[in-house]
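Here are my notes on the model you sent.

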Amino acid sequence: MVSIKGQPNLLHLTLKIWRQDGPDDKGHFVDIDAPGIPTSASFLEMLDIINERLIGEGKDPVAFDHDCREGICGMCSLVINGVAHGPEKATTTCQLHMRSFKDGDTIHIEPFRAKAFPVIKDLAVDRSAFDSIIRGGGYISVRTGAAPEANNTPIPKPVADAAFDAAACIGCGACVAACKNASAMLFVAAKAGQLNSLPQGQAERTARSLGMVQAMDKAGFGNCTNQYECEAACPKEIDRSWITRLNRSYTAAFARKSLL
Amino acid sequence: MATEPDQMAAHSASQEIPMTMNSAIPEGPMAEKWTRHKMASKLINPKNKRKYKVIVVGSGLAGGSAAASLSELGYQVECFCYQDSPRRAHSIAAQGGINAAKNYQNDGDSVHRLFYDTVKGGDFRSREANVHRLAEVSVDIIDQCVAQGVPFAREYGGLLANRSFGGAQVSRTFYARGQTGQQLLLGAYSALCKEIEHGNVTMHPRTEMLDLVVVDGQAKGIICRNLKTGAITRHAADAVCLATGGYGNVFFLSTNAMGCNVMAAFRAHRRGALFSNPCYTQIHPTCIPRSGDYQSKLTLMSESLRNDGRVWVPKNKEDSQKAPGDIPEEDRDYYLERKYPSFGNLAPRDISSRAAKEVCDEGRGVGPEVGGVRQGVYLDFAEAINQFGQATIEERYGNLFEMYQRITGESPYELPMRIYPAVHYTMGGLWVDYNLMSNLPGLHVLGEANFSDHGANRLGASALMQGLADGYFVAPATLPNYLATQKPGSVTTDHAAFEEAEKAVTERLEKLLSIQGDRSVDSFHREVGLLCWDNCGMERTKEGLEDALAKIPKIREEFWSNVRVPKSGVSSFNPELEKAGRVADFIDFAELMCIDALHREESCGGHFRAEHQYTEEDQKDGLGEVGEAKRNDENFAYVAGWEHTGDPSHPRLHKENLEFEEVKLAVRSYK
Ligand SMILES: Cc1cc2nc3c(=O)[nH]c(=O)nc-3n(C[C@H](O)[C@H](O)[C@H](O)COP(=O)(O)OP(=O)(O)OC[C@H]3O[C@@H](n4cnc5c(N)ncnc54)[C@H](O)[C@@H]3O)c2cc1C
Ligand code: FES
């Protein structure tokens, strides 16, 4: 906390940061001594400070992904002390602040690890596999200009609210990083669940459920074995019940398809 | 002098480009212009459409919706963004909502009223015909988004809900909790994904446009860098659309995402596109203040908080360091209530922003000292909590309080919030005509990147509307007017212009890497940003702007001789190199912005020149309220269009005069 005098409290930390030159490099942890870190800085601002120092020493800064720094774009990642997005509940790495740590702490910082998320450099990983899942059916096919008047189809508030709960997913990939099997089931279930629960989404429900799950398998994500580590890691608190719903839709869709 | 290597080269390419600002507004009554224009627009037969290729740079609301819609029509589209996925564009961060003249509330809204509010809100510095079209298509946007599955807020009867927003007396804002931008963008992104899979879009994520390629005076392609591999690539097309967002990050600190930049627009400007009204920037009064020099960005707190919070600072400088609870009631200055008794804490955005700056500059700001000043004022909920109870306040603002606590570590239930104004949106941008085409034929500009619809000030919930209007409805209808005049595929990437542009890009990158000076890229960004904030921010003066203009060339010179970009190479993932290119352009752009602000001898909307405000006398004469922006319609009712001359310190001014047929020019008053 900022002390009343307005002077930030400073931490002296030891960082163990994963450095990896490129996708083919083996990678290793590097120890960085990090004195003078203000508790009011965000975790990524702490890395900015470290990078500024590394640049000053003529060294290569640590590469990591980020953009909005408001917890909404899903671009930041990082496994912090073994936990995707770090220790605070429902908080992305960019919204995590250094006051969550103590003076003298050692902090392990690693990339999100999964076969489907190859490391680009250091802490930055390639999550384009998520786009391929959406391309598998995470949409409603409505041509621009062909939409009916919006209020022609009233949607009960509880249905709309539930769809929103699923739609809150920011596509960061923490669910994958947290899962032993590196499954993307929570991500798939959230997007499919949003569209499958709305009247507009019914026409493509079957194709969507099948298509997205198949795209997930194809992209190299693992199987879901109902451990629900994903739910615990999700910064937007997407509920595990969406997975149950997707399983139901998928089974029904699969059965329907084999009848055809 | 140390400057950028391709300075002159870029200019020579712009020689044949028309430097005229012909708005191409269609004939006819205001309410019929768009319909008539669509009827008169050229059509391309379906078989031919697929022979045309269009480049769309940007995948935010404007770019994502344009790419998807153009592909649906049958064109080949190549779409680019710098993030790892098109879903992450900065549009995702918009909170409040999107306007549309649906009149679902039966409260008297109409296309005309939305048009009127937007022209007036823009302080009479926008083009009426564009704004009217925006209001017309607003209703189609909502239909489109709902059909895509965007989960807008609904009433118990299942119909869409609305809320009201600043600058309007009707409820016309559609919203999805506090995440409207996210939901709209995910809608556009899903349409884009559908078209990547089944249509004609090729998506290039993590790819940054570094230059525009101009062939015989027309935009025919771009040069990019693959940010993952560092590879430089050429892309040719029959037309180019830029939807690359706003330039708020010229101030270093803003509410924009870290990567938001002016590079694409500025590169186009250097190739001949006119840059309009760069000095029109919007400041939001309620953001979380800086907590230290390491601060990387600022976070918006909804303005709705001012409905229940009371704004104050200590009366005496000496109390600035005290805990708020130790400052007795009689030593507090509720300055908004004191200075503007009729509005109090709800004084308009620009007035409350400037008032906060004033008390902090006097040394009465609160919170941590950053750069020698305490930049923060209290927004106190103690009285509201007493009056309505904590539960009610929690119900109203619970999620905002939580976000505030996450960032500052302080609970607004126990301590007053600290807030300070921050840069939030930029109204200026590349000049476009009614077809959204710049003076550089073939180059179209969409969304926040163009200057078009908001004049000198944007109303809340209107940027999302404009981005989607441009992308879903306007560009797909107007682009064929240009394409029909072109033979498809006539320029290929082996053209000499691509050669020249690629060479310039490569030389610039190599130059950036070769300097190996002492200062980080961020240190330059901070320096130029702070200078702009101090001299071209909330309040501008002739002296301040001249001071900034004297300093910027020195910053540029030092940048090009003393920046240090890690050597990991052009040909690899190198985020510092990305930043360096963006900051180099911000430095040049800062100069253009200050030149524009200096030349505009009036106050209007987001551009407040201290020399031009209403005085006590004026108020007595009924001309305007004390301290309000004083426009000069006689001399400045025009759009400024700046031409790059090769020397960034001496751009050439062109003008598009604005005519007001429907809305009478009047003082923007909200009394
Ligand atoms: C915190 C916040 C809250 C807001 N809330 C609201 C609100 O409630 N209502 C409202 O109407 N407006 C709001 N706004 C404004 C609104 O969000 C933006 O104006 C709007 O989303 C801009 O959309 P865009 O498509 O033009 O650009 P962006 O969404 O910024 O997209 C720009 C795109 O261009 C790409 N790009 C940029 N440069 C390059 C390059 N050189 N090469 C390749 N790609 C590039 C990016 O990758 C990105 O895809 C808010 C803004 C902020 C900052
Ligand atoms: S940087 Fe956008 S969610 Fe963290």
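1. A backbone N or O atom of Gly97(B) lies 3.0 Å from a nitrogen atom of ligand 1. A polar backbone atom of Gly96(B) is 2.7 Å from an oxygen atom of the ligand. For Ser462(B), a polar backbone atom is 3.2 Å from a ligand oxygen. Polar contacts here are pairs of N or O atoms within 3.5 Å. On its own, ligand 1 exposes 1,000 Å², and the protein buries 98% of that (Shrake-Rupley, 1.4 Å probe).

2. A word on conventions. This is a predicted model: local features need pLDDT of at least 70, side-chain atom pairs count only at pLDDT 80 or more, and totals for chains, interfaces and linings use all residues. Residues are numbered from 1 along each chain as its sequence is written, chains are lettered from A and ligands numbered from 1 in the order written, and side-chain values use heavy atoms, without hydrogens or water.

3. Which residues come nearest to ligand 1? Of the 38 around it (a heavy atom within 4 Å), they are Gln83(B), Ser91(B), Gly96(B), Glu448(B) and Leu464(B). The shell has 17 nonpolar, 18 polar and 3 charged residues; Gly counts as polar. Strand 6 of chain B gives the most, with 3 residues. Helix 4 (61-73) and helix 13 (463-483) of chain B are among the elements that each supply at least two. Helices are DSSP runs of H or I with at least four residues, strands runs of E with at least two.

4. The structure holds 12 cavities of 30 Å³ or more. A cavity is a set of points on a 1 Å grid over the protein atoms alone where a 1.4 Å probe fits but cannot get out; lining residues have an atom within 4 Å of a point.

5. A pocket is an open set of points with protein on both sides within 12 Å along at least five of seven lines. Of its 49 lining residues, His66(A), Arg69(A), Met258(B), Glu576(B) and Lys579(B) are closest to the centre. Helix 17 of chain B gives the most, with 7 residues.

6. Arg19(A) and Asp122(A) form a salt bridge at 3.2 Å, N to O. The rule is a side-chain nitrogen of Lys or Arg within 4 Å of a carboxyl oxygen of Asp or Glu. Arg19(A) lies in strand 1 of chain A and Asp122(A) in the loop between strands 6 and 7 of chain A, so the pair ties together parts 103 residues apart in sequence.

Technical notes: Polar contact = N/O pair within 3.5 Å; in protein donor to acceptor, adjacent residues only side chain to side chain. Points joined across faces, edges and corners; volume = space filled by probe spheres on them.
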